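Please keep the sequence and the model open while reading.

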Amino acid sequence: MARVEVCDWGHVGMFALEDTMLRRMACVVALFLIPLLASAQTTLNGAGSSFVYPIMSKWAGEYHKLHPEIQMSYYPNGSWPGMVLTMAGMIDFGATDAPVSDAQLAKATIPVIQVPVILDADVPAYNLPGLQTQIRFTGRVLADIFLGKIKNWNDPAISSLNAGVALPNQEITVVHRLDDSGTTYIWTDYMSKVSSEWKSRVGQGTSVEWPVGLAATGDEGISERISEVKGALGYLQLSYAQTKKIPFGRVKNANGRFVAPSLGGIKQGATTAIGTQSDLRVSNGGASRTNAYPVASVTWILVPVRARNHKTDKALKEFLAWIVTDGQKYAADFYCSALPTEVAAEAPRVLDEYH
């Protein structure tokens, strides 16, 4: 078995692993992955988005049935570590719920391709016992709540959207992520689109300076906080809210409809755009469609342009080609939406151009 004497990765390209938590994550990934490299089979080592972990496990299992010689190892340590480790060449692929920017791509030690693999959504999840009606929100109201401007559930800004609903005279306790998170990127990206004040004061990112609220780590931490605190409002990915049975609201889209995040609505919120580097990008620019859910999200697989060897390169390309085709049929089982057909059709071409 392979042995690690020292785990000190120092600096990885533009990403300095000075943060103690990230350094420890990197060490754990090393200890988790290195023994697998000794296997006679081809093992694809990945890390990143915790959201994609359940369906990634399903994909890995089903693909292994078809190709017993291919093993998959995936460590769900978050979107940001997934980006860092992939662009440092330390793993075969990463997964992220936040797209890698052109500036990050330009500075990466190893260039990567971004391939979308699944669609999901962020939802406004809350704890209001006894309330049976699904609360309606606009993007502006959500932004004002997270800015600390709207402080109570029966504030006129909320009650005017929910005629006939007996909203309680209850303080709103905002709950947000403490750790770097693709889920946070999705939420703050939406806030920045619907509120100029949010954009100028807070902005978007995997981690931001929150004006108000309680912090929690991971989707598990967010869901626990919401469940514990009466009057809490936070953000979760749809799949997690559904699994944990946490109530969530409807959000008004650009077409003027208050929509719940159905799988069809998430797909309507996705459009295709090809970047200048031929990286496949997906955004929720189609949110004006009738039933489009406006806080749609995408999970990308990050693939290094320079694979560690030809065998790994071929195996990863074939695995991703399977994910975006046959693998999409498992999406609904995990409260996710399959990729639009035109997006899925482009992924193998983009991979072929770079490998």
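Strand β6 (residues 112-126) pairs with strand β15 (residues 296-304) in the antiparallel sense over 9 bridges. Strands here are DSSP runs of E with at least two residues, helices are runs of H or I with at least four residues, and both are numbered from the N terminus. Two strands count as paired if DSSP finds at least two bridges between them. Within this pairing, D120 stands opposite S297 in β15. β6 also pairs with strand β10 (residues 232-237), again in the antiparallel sense, over 5 bridges; here D122 has Q237 of β10 as its bridge partner. β6 is mostly covered, with 15 of its 15 residues buried. Buried means under 20% relative accessible area, exposed means over 50%, and partly exposed lies in between, for a 1.4 Å probe and protein chains only.

The model is predicted: local features need pLDDT of at least 70 and side-chain atom pairs count only at pLDDT 80 or more, while totals for chains, interfaces and linings use all residues. Residues are numbered from 1 along each chain as its sequence is written, and side-chain values use heavy atoms, with hydrogens and water left out.

β6 belongs to an open sheet of 8 strands with mixed pairing, in the order β4-β3-β5-β15-β6-β10-β8-β9. Its edge strands, each pairing on one side only, are β4 (70-75) and β9 (214-216). On average, neighbouring strands of this sheet are turned by 25 degrees against each other, direction ignored. Strand β8 (residues 173-177) and β10 run parallel and are joined by 2 bridges, and V174 has L233 in β10 as its bridge partner.

Helices pack on this sheet. α5 touches β6, β8 and β10, and its direction makes about 120 degrees with that of β10. α12 touches β3 (42-48), β4, β5 (93-96), β6 and β15, at about 65 degrees to the direction of β3. Contact means heavy atoms within 4.5 Å. Axes are lines fitted to C-alpha atoms, for helices over the stretch in contact, and angles between N-to-C directions run from 0 to 180 degrees.

Helix α5 (residues 139-146) also packs against helix α7 (residues 182-194), at an angle of about 115 degrees and with the axes 9 Å apart. The two helices are therefore roughly perpendicular to each other, a class that covers 65 to 115 degrees; angles under 35 degrees count as roughly parallel, over 145 as roughly antiparallel, and the rest as oblique. On the α5 side the contact is made by G139, R140, L142, A143 and F146, and on the α7 side by W187, Y190, M191 and V194.

Which residues does Y335 touch, not counting those up to four places away in sequence? They are D120, L238, S239, Q242, T243 and L263. Y335 lies in the loop between α12 (310-323) and α13 (341-354). Y335 and D120 are 215 residues apart in sequence, but their C-alpha atoms are 7.6 Å apart in space. Y335 counts as partly exposed because its relative accessibility is 36%.

A second open sheet has 3 strands in the order β7-β11-β12, with mixed pairing. β7 (136-137) and β12 (258-259) are its edge strands. Strand β11 (residues 250-252) and β12 pair in the antiparallel sense over 2 bridges, with K252 opposite F258.

Overall, the chain has 13 helices and 15 strands, and buried residues make up 53% of its 355 residues.
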